[in-house]
Amino acid sequence: MKALDGVKILDFTHVQSGPTCTQLLAWFGADVIKVERPGVGDATRKQLVDVPGADSLYFTMLNHNKRSIELNSKNETGKEVLTRLIETCDVMVENFAPGALDRMGFTWERIQEINPRMILASIKGFGPGKYEDCKVYENVAQCAGGAASTTGFLGGVPTVTGAQIGDSGTGLHLALGIVTALYQRETSGRGQKVSAAMQDGVLNLCRVKLRDQQRLAAGPLKEYSQFGEGIAFGEATPRAGNDSGGGQPGRILKCKGWETDPDAYTYFITQAAVWEAICDVIGEPEWKTKPGYATPPERLDKLNEVFDRIEQWTMTKTKFEVMEICNPLNIPVGPILSMKELMEDDGLRETGTIVDVDHPERGRYVTVGCPVKLSDSPVEVVRSPLLGEHTVEVLTDVLGYGGDDLATVIDSGAVGEVDKVAAE
Ligand code: COA
């Protein structure tokens, strides 16, 4: 048993944001049928190719546990097949450019006519308004959603983060909207439209920065390093480098080996409750009671000195030793882990967060498994489908095509090249 057993998803998504969402639903047990343009497929199949001739990691890592059907949704027979998929499925997920679905002839009104229980879930760059017609990619969303203006160092340029909060972040938001709509359908009996705009998703993840924007009206943000450094605040939430967002001063500090290893760093938070333990660990026990150092407000204008001193200590330890020493004392620290280290992490492999997957074209590769664990709905990560791998299977098993009907669809060219002998 899987949590979403029996739920059929018509997956009309491409690139990253939509596929992240449907991959999660597949891991939770939904039957995800990915509809792709014949002969072309999701553009990511052939983007950032590392193994010539094979689907890229970009595609394989976002499309596990799905079935693939090639279908031209602009061809008349293709539209008939799509109509039958809409009749049969519970959820249709898409992240086309604004208006693309309407141009295919599948407006929300038409979809409701075909199947009133259908949940139509869409990702767009912006919600309704002046930018609603824009095509949007990850970094545009990070910039338009407030992440870039609040990331980076004071005086430096706005900076995007490596975490794909615009694409994968919005995919996560949409997945929650979909399961919520499925839940509501249990009582209402009706489907509904679920929309997630990437700008909105990023802004939601930047909630604490909007909090700070409003706190500025009451005076400077005292937990920001710039306050201790005597630098005036402007009108908007500033970039705060690696300051911790929660009010407890925190920084990224060098550890042993930093001269040659770009990731030999630790995050270190001077949590007020463990100040005394910090003083003992770094060899400054007198700071526990020394005027100007003993309480958090007194230390605000000395954070550079305090962190410089802590860094003198962290530079004598590896980032893992810092963790081993500080954790038992409840001093919040965290090693800066590289992708290489994460990929090789035994613990993450044991929990299924990092998994090896075998692929017929590219061999074995590593991926991130399902990050959410359900105790009654185990996840087995299955390789992504080849383009059109399940076209005949979906036409026959899901949609009930057979005999002459099936031959007509195949001969129409709407579903791309299929193995006709196998189809028979
Ligand atoms: N059969 C026939 N045509 C198909 C098809 C199929 N199976 N699948 C897609 N197409 C067509 C679409 O109908 C569209 O045609 P149209 O322009 O005539 O309407 C065309 O392919 C291109 O689709 P589009 O979504 O415009 O792709 P794009 O490469 O031009 O734009 C994005 C890509 C991501 C910028 C755009 O889809 C977008 O803004 N999406 C919403 C936001 C988003 O998710 N962005 C992040 C992606 S990670």
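A nitrogen atom of the ligand lies 2.8 Å from a backbone N or O atom of Leu71, a polar contact in the sense of a pair of N or O atoms within 3.5 Å. A polar backbone atom of Ala97 is likewise found 2.8 Å from an oxygen atom of the ligand. The protein covers 84% of the 930 Å² of accessible area that the ligand has on its own (Shrake-Rupley method, 1.4 Å probe).

The model is a predicted one, in which local features need pLDDT of at least 70 and side-chain atom pairs count only at pLDDT 80 or more, while totals for chains, interfaces and linings use all residues. Residues are numbered from 1 along each chain as its sequence is written, and side-chain values use heavy atoms, with hydrogens and water left out.

Around the ligand there are 23 residues, of which Lys74, Ala97, Arg103, Lys135 and Val136 come nearest (a residue is near if one of its heavy atoms lies within 4 Å).

Turning to the fold, an open sheet is formed by 6 strands in the order β3-β2-β1-β4-β5-β6, with parallel pairing; strands are DSSP runs of E with at least two residues, numbered from the N terminus, and two of them pair if DSSP finds at least two bridges between them. β3 (66-70) and β6 (193-197) stand at the edges with a single partner strand each, so one side of each is left without a neighbour in the sheet. Strand β1 (residues 8-12) pairs with strand β4 (residues 91-94) in the parallel sense over 4 bridges, and Leu10 has Met92 as its bridge partner in β4.

Methods
A polar contact is a pair of N or O atoms within 3.5 Å; within protein, one must be able to donate a hydrogen and the other to accept it, and residues adjacent in sequence count only if both atoms are side-chain atoms.
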